[in-house]
Amino acid sequence: MKQETFALDTSQRTKIQWAQGLFTLLIGLTIAHFGVTLFLISELGPDTFTILIQGISRTCGLSIGTCHVIALILLMVLMAIFTKGYIKPGTVICAFCGGWIIDFFLFLFGDRVSAVSPLWLRLVVMVLGCIILSLGMSVVIESNSGTGPNDLIAIILTDKINQYRSVKFRWVRIGCDIIFTVVGFLLGGTFGIGTLTAAIVIGPLVQLFLPLSKTAIRKVFPNL
């Protein structure tokens, strides 16, 4: 049986459908990056891509948000050159807006929880971050309007591998998360239980949330 891929054709979408899709994507992007912020303020180790960005930030001296934007733009350019059907308008939004959303949430909540907060509170915040990040990612993916270049890595690899053998998205995502974590740690990112939890749990959680998000989105926007 032919494997369903993530690179769905959106060439026939109307302007209204694109507006609905991009609105849905922005909601998912905001949810996901709120989850990233919770990881950061728990100080138990950031999520797997953020530890990479954190390592780059500490190496070059720029803010996490700025490094996030630069890294995503570079990834997006490479994907536009070497792949087809994955880079969509929402990908550009994710690349340019994601980092600033993190900085905004850090400004709002950065002093609410820290390394001196009770451990139980930091653990709760970290777990919530994992769940919220995964939910947001699933909404972004199911908007079919594009997703962040960092998330596209696992999506593209899943589609490519499934041309030859069936592999679940969660396993590819776990592999990518491990690579992000190792490289980020070597660059000076802070590894912790939060990072380990994210590497193991986010892939399966996203796969769990995908059909739920798809159902919810289609109820709001039946023609999307």
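A pocket is here an open set of points, on a 1 Å grid over the protein atoms alone, with protein on both sides within 12 Å along at least five of seven lines, whereas a cavity is a set of points where a 1.4 Å probe fits but cannot get out; lining residues have an atom within 4 Å of a point. The structure is a predicted model, in which local features need pLDDT of at least 70 and side-chain atom pairs count only at pLDDT 80 or more, while totals for chains, interfaces and linings use all residues. Residues are numbered from 1 along each chain as its sequence is written, and side-chain values use heavy atoms, with hydrogens and water left out.

The second largest pocket is lined by Phe39, Leu40, Glu43, Leu44, Gly45, Pro46, Gln54, Arg58, Ile64, Leu106 and Thr190, and the elements giving two or more residues to this lining are α1 and α2. About 190 Å³ of space lies in this pocket, a volume being the space filled by probe spheres set on the grid points, which are joined across faces, edges and corners. By class, its lining divides into 6 nonpolar, 3 polar and 2 charged residues, where Ala, Val, Leu, Ile, Met, Phe, Trp, Tyr, Cys and Pro count as nonpolar, Asp, Glu, Lys and Arg as charged, and the others, Gly among them, as polar.

The structure also holds 1 cavity of 30 Å³ or more. The largest cavity has a volume of about 190 Å³ and is lined by 19 residues, of which His33, Leu133, Met137, Asn150 and Asp151 lie nearest its centre. Two or more lining residues come from each of α1 (15-42), α2 (48-60), α3 (64-82), α4 (89-109), α5 (119-142) and α6 (149-161), helices being DSSP runs (H or I, at least four residues) numbered from the N terminus. The largest share of this lining, 4 residues, is that of α1, and the lining as a whole comprises 10 nonpolar, 6 polar and 3 charged residues.

Helix packing was described by axes, which are lines fitted to C-alpha atoms over the stretch in contact, with angles running from 0 to 180 degrees between N-to-C directions. Helix α2 packs on α3 at an angle of about 110°, with the axes 9 Å apart, which makes α2 roughly perpendicular to α3 (angles of 65 to 115 degrees count as roughly perpendicular, under 35 as roughly parallel, over 145 as roughly antiparallel and the rest as oblique). The contact (heavy atoms within 4.5 Å) joins Phe49, Ile53, Gln54, Ile56, Ser57 and Cys60 of α2 to Ile64, Cys67, His68, Ala71, Leu72 and Leu75 of α3, and its residues divide into 9 nonpolar, 3 polar and no charged.

The axes of α6 and α7 come within 9 Å and cross at roughly 135°, and the two helices are therefore oblique to each other. Asn150, Asp151, Ile153, Ala154, Ile155, Leu157, Thr158 and Ile161 of α6 make this contact with Phe169, Val172, Arg173, Cys176 and Phe180 of α7; the contact has 9 nonpolar, 2 polar and 2 charged residues.

Helix α7 (residues 169-186) packs in turn with helix α8 (residues 193-220) at an angle of about 155°, their axes lying 8 Å apart, which makes α7 roughly antiparallel to α8. From α7, Phe169, Arg170, Arg173, Ile174, Asp177 and Thr181 meet a set of α8 residues that includes Thr195, Ala198, Ile202 and Val206, and the residues of this contact divide into 8 nonpolar, 4 polar and 3 charged.
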